[in-house]
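Hello,

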Amino acid sequence: MLQGFHAEVKRLVVILAIAIVIGLLIDQLAWTLLFCASWYIGWHLWQMLRLNIWLQGKRKAQPPESSGLWGEVFDAIYHLQRRQKREKKNLQAVINRVQETTSALKDGVILLDWRGYLDWWNPSAQRLLGFYNSDQGQSVINFIRHPRFVDYFEAGEYAEPLDIPSPRFPDKRLQFQITRFGKNERLIVVRDITQIYHLEQMRKDFVANVSHELRTPLTVISGYLETLADNNAIAAWDKPLEQMQQQSKRMSLLINDLIMLSKLETTDTGFNQKRLPLEPLLQTIKSEASVLAGEKHQTITLESSPDISIIGNEKELHSACSNLVINAVKYTPEEGKIDMRLWRSGPYVYFSVTDNGMGFETKHIPHLTERFYRVDASRNSKTGGTGLGLAIVKHVLLRHDAELQINSEVGQGSVFTCVFPANDQQTGVRPADK
């Protein structure tokens, strides 16, 4: 471009020199300069007109021929157009490739603009949700009107997927996962989880039915074992009867935990909840745990305030908090110390259980709330644990819109902290670690 500019300057200098020479020869310098300037300006206007006509045309023709600065301008625009056409062609190829790939997916893919309006969807989304071409540009809420989806979509918290019945096929179950991208645009992935949902329901029903069916025969067996132990006159049977009673008691605890989990999974969230003061509940749990801790000469302390309360189900909260304290008693050695603490900070209520037991490695923390997870297989056999205590805690806290935070160090003990929303209207909990 600088070469063209220099050439244009040279052209202007030559024109001025010629105009001055001619003007001096005919003794009309001013008029000669005015004429040359008008001609030069007119020439530039002609080049601009040519550029305008070319740009407004189909642009497939070669650029107008010119020299100097205008020649470089025409060539630069022409090369820019060709580069844009190549980039557009490459971009269209990428778009076509992405559309072909998403069209092959069994999962539905939906693109929304910044307003939440339908922009594009693949054939699977059309099959699952019944979209038509004419639906483009309409709000997604017009087609997925389930109250839970509307709340999920408008809340903007998409860390976890949402499972709801299909708006098109009542017998199907769909999972929606939303991801933000670009300028507040959103990508929705829709997955048919009907089979997984039915399998999960079958598992829940199986666990619930088997647990209830086992309770009655186990009660009979436990009763007869207790009668045999009380009336046993043969010393050789003392140890076998004692072991059978221990295992019977352990199986009874397991069944009770399974039934508790089944109830948590099958009853609606918010069932029988009310404003509940926590200190009396924790005092009761402390008394119950002290009986178990007394055999190991452990010390249990409670630091709380009588004015702290939350909205919750008393029976469920008792089960969750009691599981944390009893676990601490089980896994803390003799003459150990267990501290229960209840406090409020900002919009959250915290309940923590701290022990100076054996602790565990950090890698186990993400798995502790899984059913039957074992940090050490020998620990549960020694303590009689069912492996379901923390799973129950997790489910109870989820039903109370709360969160469980776990910190532990091998040989230094563990801290389990429940974080509840303190306000009347329970909202999503995203507290910082304490």
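A search of the whole structure finds seven aromatic pairs. Here rings of Phe, Tyr and Trp (its six-membered ring) pair if their centres lie within 6.5 Å; planes under 30 degrees apart count as stacked, over 60 as edge-to-face and the rest as tilted. Because Trp-121 lies in strand β2 and Phe-131 in the loop between α4 (123–129) and α5 (147–155), the pair ties together parts that are 10 residues apart in sequence. The element names come from DSSP runs, numbered from the N terminus: helices are H or I runs of at least four residues, and strands are E runs of at least two.

Before going further, please keep in mind that this is a predicted model, in which local features need pLDDT of at least 70 and side-chain atom pairs count only at pLDDT 80 or more, while totals for chains, interfaces and linings use all residues. Residues are numbered from 1 along each chain as its sequence is written, and side-chain values use heavy atoms, with hydrogens and water left out.

**What the record says**

**The sheets**

Strand β2 also belongs to an open sheet of five strands, in the order β2-β1-β5-β4-β3, with antiparallel pairing. Two strands pair if DSSP finds at least two bridges between them. The edges are β2 and β3 (162–165), each of which pairs on one side only. From one strand to the next, the twist averages 25 degrees. Axes are lines fitted to C-alpha atoms, for helices over the stretch in contact, and angles run from 0 to 180 degrees between N-to-C directions.

Within this sheet, β1 (residues 108–112) and β2 (residues 118–121) run antiparallel and are joined by three bridges. Leu-111 stands opposite Trp-120 in β2. Five residues lie between the strands of this hairpin, where Gly-116 takes a positive phi near 90 degrees. β1 is also joined to β5 (residues 185–192) by five bridges, again antiparallel, and Ile-110 stands opposite Ile-188 in β5.

Another open sheet of five strands has the order β7-β9-β10-β12-β11, with mixed pairing. Its edge strands, each pairing on one side only, are β7 (299–303) and β11 (403–409). Neighbouring strands here are turned by 15 degrees against each other on average, direction ignored. Eight bridges join β10 (residues 348–355) to β12 (residues 413–421) in the antiparallel sense, and Tyr-350 stands opposite Val-419 in β12.

**How the helices pack**

How do α6 (residues 194–230) and α7 (residues 238–266) cross? Their axes come within 9 Å and cross at roughly 155 degrees. That makes α6 roughly antiparallel to α7; angles under 35 degrees count as roughly parallel, over 145 as roughly antiparallel, 65 to 115 as roughly perpendicular and the rest as oblique. The crossing of α6 and α7 is left-handed, a word used if the near helix is turned anticlockwise from the far one by less than a right angle, with right-handed used if clockwise. The residues of the contact of α6 with α7 divide into 13 nonpolar, eight polar and five charged. In that count, Ala, Val, Leu, Ile, Met, Phe, Trp, Tyr, Cys and Pro are nonpolar, Asp, Glu, Lys and Arg are charged, and the others, Gly among them, are polar.

α7 also packs against α11 (residues 389–399), at an angle of about 20 degrees and with the axes 10 Å apart. These two helices are therefore roughly parallel, and their crossing is left-handed.

Lastly, α2 (residues 29–56) and α3 (residues 68–103) pack at about 15 degrees, with axes 11 Å apart. That makes α2 roughly parallel to α3, and α2 passes α3 in a right-handed crossing.

Best wishes
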